[in-house]
Amino acid sequence: MKAKVCIFMACLYIFLSLGYSQENEGHNEFNAPSTKDIIFAEKTYQRSLSSLGEKHPETLKIMNNLAGMYYYRLDYKKAELLFLKSFQVTKEILGEKHPETLRIMNNLAGMYHSQGIYDKAESFLVKVLELRRELLGEKHPETLGSMNNLGFLYYSQGKYDKAEPLYVKTLELREKVLGEKHPDTFISLNNLAQLYVTKGEYSRAESFLVKVLELRRSVLGEKHPETLTLMNSLASLYTSQGEYSRAEPLYLKTLELERKILGKKHPSTLAVMNNLAGLYELQGKYRKSSLLYEETLHLAIEILGEQHPNTLKTMNNLAWVYQLQGEHQKVEPLLVKALQLTREALEEKHPDTLILMNNLAEQYKLQGKYEEAEQLNLKTLQLTREVQGGSHPNTLRSMKNLAGLYYEQRKHGSALSILKEHLVKKCLYLKRELLGNSEKTRLSMLEQFNVDSDKNNLFSTLEEYPKGDFDSLALYFSVNYKGILLQISRELKQAFHNVTDQDLLKDLLEKRSSYSRLSLNYEKRTENRASVEKLEKEIDELEKKLIWQNSDFKDLISDVKVDEVKKNLLENELLIDFVVYRSFIREKTATKLVAVVVEKNNIRLVKLGDFEDTGSLIQNYRGKIQNKEVAKELPQKIYERILSPLTRYWQGKKKVYIVPDGVLHLLPFRSLIDEKGQYLVESKNIIILSSSRDLVKKKTEKSNEFSAIFAYPNYGKGLGKKIVEKKKIWFSPLKGTLAESKNIQKILRIPTKVYTQDQATEENISKINSPQILHIATHGYFLDAANKSKSKNQGAFISERASPISSGRKLTNPLVYSGLAFTGANDPEKDGVLTALEVLGLNLLGTDLVVLSACETGVGEIRQGEGVYSLQRAFREAGAKSVLATLWKVDDQATQLFMEKFYQRYMRGDSPQKAVRDTQLEFLKSKRYSHPFYWSSFVMIGGDSDDMEQENRVVIEKKEQGSIIPFILLGVIILIIVFLVLAHKKKEKRLLEERMAKRKRRREKR
C-alpha cells in the first residue's frame, strides 16, 4: 500500500494555467492518474478510514493524495472537500505550524488559484509564507516556494507591482541556495519572463525564456509538461513581437505534444489552442481563427466553467474575431456577457477586464453609439494608465482607439491631443524594445506595432484640422519615427565595438557572411533553404546575445525634441521633411504627400496633394535620365508638384535640407528644373538627409589618420557565378578604376594604402579599422526582386560598374539584395562578393567619408518610414559619417573624372556636400558631361555640419603642414648657404680693406 501511495504522490500535479508555471511541492513526475488508479485510491482510503480512523497519519496522507488526484482530473468539488477535511484534521492533530499542515494549505491555495477564486487563495498563501518565514527562514526552499506562489497569484490578479519584487527576490535566492539548474530556479525564471511579457517588456522576457527553455529541454526533455509550457510561452512572445513565422511552427508542435501527453481537454492544451487561434487572427486568417476559438471556448466551459478567467479570455478573443469578420450581431452579446462575468470573477482594474472594456468600446464605435463608446473608452484609458502604466501596449491601444473615436466624431482637436500623447509614449516604448532585439525582430515589431497606421492617422487628422499648434507634432513624428531602425543600428554598432566578448561578435560576422553566400546562390535552392533558415535563426540569436550581455545598451536611445532640431538650424537655413502617407478622409483612401517645413523659429505643414501620379512620374524620369534622353518637361513637372509650393519659404536661404520619404529617396533632386529653367544644383544648395534627426549633433568616434582605396579587383576568368537562379553573372575588368585609384592617391595628403588586383579582397577590407577615408571603385549590383520578367539570355555580362539583376524571388533580409564585387567574384568556388549585410560587420566608426565609386549603391528595397535598404545605408550603419553613393549605372570615364575633381575640392577643406555640388556644377558647364546622367546620379548623405567642415579643415591643415616640411628644410639650407656666402664675402671685403690700409701706410712712410 505504501508503494502505491508513493505513486499517488508522484501523480499530484498542479496544472499550468495559460502556459504560466505554478510551484508544485514534493514531485517532479507528470503521469496522469487513470480511472483505475482513482478507484483503487478511493477503496484504499475507505479501508484506511475503517481500519485506522480519520485522524491516523496514514489516512491523512491517502486523503491528501486522493484530493490531489481529483484536482488533477479537474474534479474540483471532490478535491476541495477532501483538501478542506484533510486540512482541518491535520491542523487539529499536528497544529497550524506543522510542515504537513502548511503543505495542505499550499495545495488548497493552488486549487483556489486555478479556479480563479483569488481571495481564498491569497488568504492561505499569505499565511503559509508568514509561518514558513518564521519557522524555516527566508532562504529555505519551501519558503521560497511560498514566495513564488504568492507572486504568481498577484500576477494572475494583474497586481504586477506586487508580483515583480517577489519574483525577483525568489529568483535571486533560488540561484544562490539551489543553483542555476535546479527545477525551482527554472520556475522562477519562467514566471519572471511571463511577467515581463505581460508588461510589454519583450526583450527582457526573451532572455529569460530562451535560457530556461534550453535548460529544461536538456534536463527534462521536450515532452515534459514544463518544457511544453515554456515552448507555448516562447511562441506567445514571438507573436507579440510580430515574429509569426517563428511562432506558428512552435505552437503547432507544442499543441501536438500537449494533446498526446496531457490530453485534448487539459487546461494547458486549451491555452495553446487559444494562443494559436490568436496568431491566426493576427495573420488575417479569421475563419481559421474563429473555428479554433469556438472549439477552445466549448471545451473551456466544459472543463473550467463559464466564469473561469481562461474561459472568459477565450470568449473575449472570439468576440474580437467576429468583429473583424463583420459578424456584428454576435459581438456585443458575447462581449457584454464576458465583461459582466470577468468583473465578477476578477475586478474592474484587472487587465483582462480592461481589455474587454476596450473591445466593447470599439464595438460601440462601430455601431455609431459614440456616447457609450466615449464613456467606456475614457474609463478604460484612465484605469489602464493607472494599472499598467502610460507606455504599456494596452494603454497605447486605448489611446489610439479613443483618438479614432474622436476623429469619427470630427473632434479633431481632441483626437490630435490624444495622438500626441500616444506618439510620445509609443516612441519611447518602441525604442526601448527595438534596442533589445535583433535586426529581424526589429523589422517584425515595427510591422506588429503598425507605425504606418500611426502616420496615416496623424496626417489624415492634420489634413482635416489645420487649426491649432500641431505642426510641431508632425515634425516630432518624422524626427522620432522615420529611420528609427537606422538610428538604432548605428547606436548599436558603436556599442558593439566596446563589448568584451569579441569572439561572439566574430561568430556573428562569419555567420552573416555564410548567410549572404547561401541566400544569393540559388543554384541549389532546395538544399540551401534549410541552411539559410538555420543561419537566419543563429544570426538572430547571436545578435540578441550581444545585446543581452550588455544591458547598458538600453540607455543609448533617447527621445529627440523638436526644439533640438530647430536649434541646430541657422537663420539662413531651411529644412523640408517630406512624408508620404495614406489618407482616409471621408472613407476615401489616397496616397498623399505633405512637407514639414522648418525654419529656425517656425514650423509649417504644407499639403502637396495626391502623390500616386507623382511617384509614377519619378520612376519615368529615372528611366529617361538613365537613357540620356533630353527630358526637361518631366523634371519641371516633378518640381512643380513637390517643390514649387515651398519656394516662398526658401527665399534668401543659403542652404536647404531635404529628408525624402518613399520613392523620393530615388529622386535626384539637384537635377530638377525650377521655374526659371535652371537646375536646382545651380539655384539652391540642397543637402539630402536620411532623417531630420541628423541635424542634432552628437559626439562621434574619431577616425584614424589614413585612407584606404580598393580598386581594379581581379575578378577571375571563370565562367561566372550564379548570383541568381538560372543566371550566371560575369564581372568584366574595370581598367579605369586602376587609373582612378592612382590619381586619388596623389591627391590625398595622408598615408594611403591602395588595394588592387589580388589584394582587393573581402578579407582585406574586413581588416580595415576606421580609416579617415574609404574609397571603393568596382562593380556594384542590386537584385531587383520586384522585377519578375525573365530574360531570354541565360547569362549577364557586366562591363560597366554595375547592372541591375532580376532575382525573381524575394529574399528574407533586404540587405542581401545589394553588393560589391571584389577579387574572385567570377570564381564559382570563391566568394568575392561583399553584400550590404556583410558591410555591417566593417569597423567604420568615426570614418569621415566612404565613397562608393560603383553603380546603384544608393538603390535598394524601399520600406516605408525606413528609407532604402541599400549599400549606402549599410555603410552608414557600419559607422561612416558620410557616404557618396549612386542612383543608377554610371559611366566609367565620367566617374573617374568626377572622383578626381571631388577629392581635389575635399582635400582643400570643402565639406563632402560642397565638394560634390561644386563638382556637379563643373560637369554641368562642360560640353561632354553636361547631361544630368553624368553628374546627378551622385548623392552624398551626411557630411555637411559646420563641425565636420571645421574638423576637415583642421585635418587638412595638419596634412598641409606635414607636406611643406621638406620645403622648410630646403629653405633653411638655402638660408645657411646664403649666410655662409655673405659671411665669406664680408671676410674677403675685410681682408681687402686691411690690405688696402697697409698699402696706404707704406706710401705715407715713403
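Residues 24 or more positions apart account for 71% of the contacts in the protein with a separation of 6 or more; a contact means heavy atoms within 4.5 Å. The model is predicted, so local features need pLDDT of at least 70 and side-chain atom pairs count only at pLDDT 80 or more, while totals for chains, interfaces and linings use all residues. Residues are numbered from 1 along each chain as its sequence is written, and side-chain values use heavy atoms, leaving out hydrogens and water.

The protein has 39 helices and 20 strands. These are DSSP runs, numbered from the N terminus: helices are H or I with at least four residues, strands are E with at least two. Of the 1006 residues in the protein, 59% are buried. Buried means under 20% relative accessible area, exposed means over 50%, and partly exposed lies in between (1.4 Å probe, protein chains only). The protein exposes about 42,800 Å². Carbon and sulfur atoms supply 51% of that area. Accessible areas come from the Shrake-Rupley method with a 1.4 Å probe; for residues, only the protein chains shown count as cover.

Backbone angles were also examined. Most residues other than glycine have a negative phi. Gln757 has a positive value, with phi near 50°. This residue, Gln757, belongs to strand β9 (residues 752-757). Gln757 is partly exposed, at a relative accessible area of 33%.

Ser770 also has a positive phi, near 45°. Ser770 sits in the loop between α32 (762-767) and β10 (771-777). With 7% relative accessibility, Ser770 counts as buried.
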